[in-house]
Amino acid sequence: MSGLVCTNDRNRSARAFRRKTEERNYWILLGAFILLGIAATYGLLVYNNPVPVTSPSFIPVVKRRMVAIIAMIIAAVCQSLSTVAFQSITNNRIITPSLLGFEALYSTIQTSTMFFFGARAFISLTNMQSFIFQVIAMVTMCLILFGWLLGGKYGNLQLMLLVGVIMGTGLRSLSSFMRRLLAPSEFDILQARLFGSVNNAETSYFVVAIPLVLIASVLIIAHSKKLNILSLGKDVCTSLGVNHKISTIYILILVSVLMSISTALVGSLTFFGFLVATLSYQFAPTYDHKYIFPMALAMGFLVLTASYFFMNHIFNAQGVVSIIIEMFGGITFLIVILRKGIL
């Protein structure tokens, strides 16, 4: 009996990974994904470039393509970190901020602008003031909605999901009604903006977006240890001396900032965050966010850069990249729900 106890004690470990082989595989996969992301980035910058490398016009073309690369980095950071952090504090790996009607507000803002002010005003509103207004509006809505998760005696995950779905459905219905009343030319302009695409990003937005994303990302990553505890649930969290309510609200604020910047910058990417988070959990078999976050960042950037490279330069299908990503993300979402059987 004593020999059995000693053997079990030797097998126990407080490490992030259960076995050393899992840790070794993690670092191999992380390095491979980073290298593949870099390769896809290089392909986006120089592959199929109409200007020769020796031409003076080569660098300006690369700089224009760099705008899309920076937008991909911002979107990957925002979507991956916010989704993983949100799923941890809700202790649910299916629900994401995007599924709670968050991006429906973006669609409503864009559609309302076109409906009430026309195409000329819609195009002219692509400026810093419009970007800041969208970010503030979405953060405010997000905080109000997420506040129901903790506020009041009726605040719970099921109620929050129900309210989010109802709000999202209502806003989408309102947007759909206004779009049906638009002229065909106005509808085409609006539809191009509503599709999630890095081409929607403006270089002037980076002055505000990049510092906010850096600050929010650093703060979330710095709370990796607390997220490990928060993911265990409210009772365990409280017993370990962590204020569950304050910590959750703090993370929700950071998630709101990241999601609002991503949506206002590149548009709606409903299932992208879920796809990245789900793949990260598969390739990082640990509950330690210190390892999950790097995998999610590498995976998010690889998915975006590889998708745009293959669809733009291999299959010559520039306008369907976000649709393909959303399709695979939606399929992954259905597979996970069917496997688990519950939300």
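Helices (H or I, at least four residues) and strands (E, at least two) are DSSP runs, numbered from the N terminus. This is a predicted model, in which local features need pLDDT of at least 70, side-chain atom pairs count only at pLDDT 80 or more, and totals for chains, interfaces and linings use all residues. Residues are numbered from 1 along each chain as its sequence is written, and side-chain values use heavy atoms, without hydrogens and water.

Two packed helices are described by the angle between their axes and the distance between the axes. Axes are lines fitted to C-alpha atoms, for helices over the stretch in contact (heavy atoms within 4.5 Å), and angles run from 0 to 180 degrees between N-to-C directions.

| Helix pair | Angle | Axis distance |
|---|---|---|
| α2 (residues 20–46) and α13 (residues 289–314) | about 35 degrees | 8 Å |

The contact includes W27 and F33 of α2 and M295 and F309 of α13.

Elsewhere, F115, F116, F117, L174, F177 and L181 make a nonpolar surface patch of about 660 Å². Helix α4 gives the largest share, three residues, and F116 lies in α4.

Terms used. Patches are made of residues with over 30% relative accessible area and no salt bridge: like charges are joined within 9 Å, nonpolar side chains (Val, Leu, Ile, Met, Phe, Trp, Tyr) within 5 Å. Accessible areas come from the Shrake-Rupley method with a 1.4 Å probe; for residues, only the protein chains shown count as cover. A salt bridge is a side-chain nitrogen of Lys or Arg within 4 Å of a carboxyl oxygen of Asp or Glu.
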